[in-house]
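Please keep the structure in view while reading.

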Amino acid sequence: TKAFDVETIRRDFPILTQEINGKPLAYLDNGASAQKPVAVLDAMDRYYREMHSNVHRGAHTLGDRATAAFEGAREVVRGFLNAPSTREIIWTRGTTEAINLVANGLAPRLQAGDEILLSHMEHHANIVPWQMLAERTGAKVVPIQVTPEGELDLDSFNSLLNDRTRILAITHVSNVLGTVNPIAPLIEQAKKRGVITLIDGAQAVPHFKPDVQALGCDFYVFSAHKLFGPTGIGVLYGRAELLEEMPPYQGGGEMIERVSFERTTWNVLPYKFEAGTPAIAEAVGLAAAISYLDQLDRSAMEAAENALLARANALVATVPGMEVLGTAKHKVPVLSFKIAGLHPSDIGTLLDQQGIAIRTGHHCAMPLMDFYGVPGTARASFAFYNTLDEVEKLFTGLQKIQRLFT
Ligand code: PMP
């Protein structure tokens, strides 16, 4: 592992060394999508220059190379999640598609009156597919309450988990609040009742490595693009036993064993869920991102991220009227906030003029916005390549905006 020196690390991310609106870029929108190290760009470039062909066709050398790179990437992802087998690693377009795939696959298990337990802090990607499933089956979506601090209300969880609960689908980390949910004990309680568990890891994996065996969840999903990898690919980890029983999601090439007009049979795992030509270069890129992260010092990286959050929290008081949503004890470096008298979208535009990129709006979490009684927030989300200097810049920018516009 390399020593953790943020200036050295930033050289691995070419996009960061540019000026936006005449100011050095401070990219603080990592929760929406993270930037990619040279290792990822090079791996994808090299794949296309030296290896590209379709996979699993086996007739020629390039096909073998592409297949080896693609299946090698699946093994890297398996290791990242500590999944027992690559049969349990399904490529998807991202978190959204992975959740849709599972919701579709669990339909045969559900009956009218069954309950799907979510939380009030879910991203729309972990709400809408379940609502669609509920519509199809007569099941009901039930949200676990959130406390004003932005933590899961465990009393609410305990009172809602009951004999009708069939599925618990919950986010590991909130994309709005940064809260790290105590999912291990929740999974444990759900499992005792035979409830199927899905964890949305989209915002967790950029900050720490999940261990699906230690967690004991049935499904764990994430997107490559938030993990410093490419867009267009994501991962569904699923327990083989459940994946075996689930019907395919899409039909087409690759996902079949034998096709005839009388009867078609499905391919083995994981291919049963991978219809059509997959995102091969993107799989290679994701594996390169994971390998890149693996050579960094994880504990130093987490300490650096905590230092960014601590500095940001300490500076909140320097902006009159600023209020942070989500003050959970255990959180990743994400700061959602409002400033009295200012609209979030104006904050975003005015910061952009100073080269500072943040996200504003409802963050695909409208039920959570309703809970806090706001139409949206401004959100700064940090990655390990951000600096304390960038945190200072954000707050200097906010002070300026607050002075000029309120
Ligand atoms: N869940 C969470 C918690 C997210 O933050 C996001 C992305 N904002 C998603 C799901 C959806 O991910 P994607 O758009 O990559 O499918």
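Q: Why is helix α11 called roughly parallel to helix α14?
A: The axes of helix α11 (residues 298–315) and helix α14 (residues 388–405) come within 9 Å and cross at roughly 25 degrees. Axes are lines fitted to C-alpha atoms, for helices over the stretch in contact, and angles run from 0 to 180 degrees between N-to-C directions. Angles under 35 degrees count as roughly parallel, over 145 as roughly antiparallel, 65 to 115 as roughly perpendicular and the rest as oblique. Therefore α11 is roughly parallel to α14. Helices (H or I, at least four residues) and strands (E, at least two) are DSSP runs, numbered from the N terminus.

Q: What kind of model is this, and how are residues numbered?
A: This is a predicted model, in which local features need pLDDT of at least 70 and side-chain atom pairs count only at pLDDT 80 or more, while totals for chains, interfaces and linings use all residues. Residues are numbered from 1 along each chain as its sequence is written.

Q: Which residues of α11 and α14 meet?
A: Ala307, Leu308, Arg311, Ala312 and Leu315 of α11 meet Leu388, Val391 and Phe395 of α14; two residues are in contact if their C-beta atoms, placed from the backbone, lie within 7 Å. By class, this contact of α11 with α14 has 7 nonpolar, no polar and 1 charged residues. Ala, Val, Leu, Ile, Met, Phe, Trp, Tyr, Cys and Pro count as nonpolar, Asp, Glu, Lys and Arg as charged, and the others, Gly among them, as polar.

Q: What makes α3 oblique to α10?
A: The axes of α3 (residues 61–81) and α10 (residues 280–294) come within 8 Å and cross at roughly 40 degrees. The helix α3 is therefore oblique to α10. By class, the contact of α3 with α10 has 13 nonpolar, 2 polar and no charged residues.
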